[in-house]
Amino acid sequence: MRARFPAVKIIDIFDGLVHYKLDGDSHGLEKIIYFNNTFFVLKTMKGKQLNFPALVGAVCSSKNYFLVNKGSFRIRFVQENQFAKVDKSLTRRAEEYVAANSKLKLDRLSPTNEVWFSIRREGFSFCGELITKREFTEKNLNKGELRPEIAYLICCFADVSPEDTVLEPFCGYGSIPVQLAKKFRFKKLFVSDADESKVSMTAARKQLASAPQGLIDCRTADALSLKHIEDNSISLVITDPPWGFYEDIGDISAFYKKMLKSFARVLAPGGRAVVLSARKEELEHCAAECGFEIKDSVHTLVNGKKAGVYLLMAAS
Ligand SMILES: C[S@@+](CC[C@H](N)C(=O)[O-])C[C@H]1O[C@@H](n2cnc3c(N)ncnc32)[C@H](O)[C@@H]1O
């Protein structure tokens, strides 16, 4: 994040929460898409005995600027990531303060904005305006489709450059190619999947359909053979292969070995493969067996499973 957003200064990192300062235009926040919720912070407090009356009192005793100052609001109290009930008089005090110090109108049922008073278990609390919410919920995604922010993070991790010839051979519904087409520059992108219906849906996504002619090749293909890709022609594979939990692909290690042999054939010397999998042990083992070295990895929860994103390169 520091490298991509030099205007961001990280103040603190907690489990699932980053407290940062953004110097400059707050519209820059829209580009930081990988957080579920982003708040414009009015007040923070630290200490062991944090409580809502103290936090509300601290906010109400100072003058605050509201970044979003149009529409309606409601107040929410959150204790250790769960919405909490507090005394009505405390809610009223907070509501009256926001109503008197901003142009926002109170609407407890369906407001356009929310002001949160949040207490966390690490001895940190904050009051903030919820300014961006997660754009996609699971309901907007196809079954098995990767969340867009995870796909975006994988592309950041892969450090895609305009000189890269990129291959995504397990594209599914196209989460990774969509992020590549939307936010990165590359020389050429090969996109494929064994499932014809998913390939049609991917090809129809507007970011791919509107790309300049010849930039993106999208087709049905078996990733284990990749007959349409020449030897040593790809500089970067970015992919989310099957994990063998949701689909019947037989022995996952045998599958990963065939997959990595296929990648080894198409990768140019110095080429890299960025692979997401929750079958971490199997992937790590197969990578070593197939002559790849793990140069870097990051680990995160994906669909509730502990997954890793691996940067693999031919072992020297
Ligand atoms: C984990 S899903 C990819 C999900 C994708 N990232 C998305 O957002 O939709 C794995 C994909 O591998 C495809 N697949 C399975 N075996 C394959 C093979 N041998 N060659 C190519 N694709 C294959 C499946 O059809 C599935 O779409």
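Predicted model: local features only at pLDDT ≥ 70, side-chain atom pairs only at ≥ 80, totals over all residues.

The protein has 316 residues, and 31% of them count as buried. Its secondary structure comes to 8 helices and 15 strands.

**Overall build**

- Taken along the principal axes, the box filled by the C-alpha atoms is roughly 70 × 40 × 35 Å.
- Look at contacts between residues at least 6 apart in sequence, and you'll find that 68% of them join residues at least 24 apart.

**Helices α1 and α2**

- Helix α1 covers residues 52–60 and helix α2 covers residues 88–101; their axes come within 10 Å and cross at roughly 20°.
- Angles under 35 degrees count as roughly parallel, so α1 and α2 are roughly parallel to each other.
- The handedness of the α1 and α2 crossing is left-handed.
- On the α1 side, the contact is made by Phe52, Pro53, Val56, Val59 and Cys60, while α2 brings in Leu90, Arg93, Ala94 and Tyr97.
- Sort the residues in the contact of α1 with α2 by class and you get 8 nonpolar, no polar and 1 charged.

**Helices α3 and α4**

- Next up are helix α3 (residues 148–158) and helix α4 (residues 175–183), whose axes come within 8 Å and cross at roughly 65°.
- This time the crossing, α3 passing α4, is right-handed.
- From α3, the residues making the contact are Pro148, Ala151, Tyr152, Ile154 and Cys155; from α4, they are Ser175, Ile176, Gln179, Leu180 and Lys183.
- By class, the contact of α3 with α4 has 7 nonpolar, 2 polar and 1 charged residues.

**Nonpolar cores**

- The largest nonpolar core is made up of 51 residues, and Ile154, Cys155, Val237 and Ile238 have the most contacts inside it.
- Two of those names, Ile154 and Cys155, also turn up on the α3 side of the contact with α4.
- Which residues does Cys155 touch, leaving aside its neighbours within four places in sequence? Cys155 is in contact with Val160, Ile176, Gln179, Leu180, Phe184 and Ile238.
- There's also a second, separate core of 15 residues, which includes Leu55, Ala94, Val98 and Leu104.

Terms used: Residues numbered from 1 in each chain as written. Axes fitted to C-alpha atoms, helices over the stretch in contact; angles between N-to-C directions. Helix = DSSP H or I, 4+ residues; strand = E, 2+ residues; numbered from the N terminus. Parallel < 35°, antiparallel > 145°, perpendicular 65-115°, else oblique. Left-handed = near helix turned anticlockwise from the far one by under 90°. Contact = placed C-beta atoms within 7 Å. Nonpolar A, V, L, I, M, F, W, Y, C, P; charged D, E, K, R; others polar. Core = buried A, V, L, I, M, F, W, Y, C linked by C-beta atoms within 7 Å. Buried ≥ 20, exposed ≤ 12 C-beta atoms within 10 Å, placed from the backbone.
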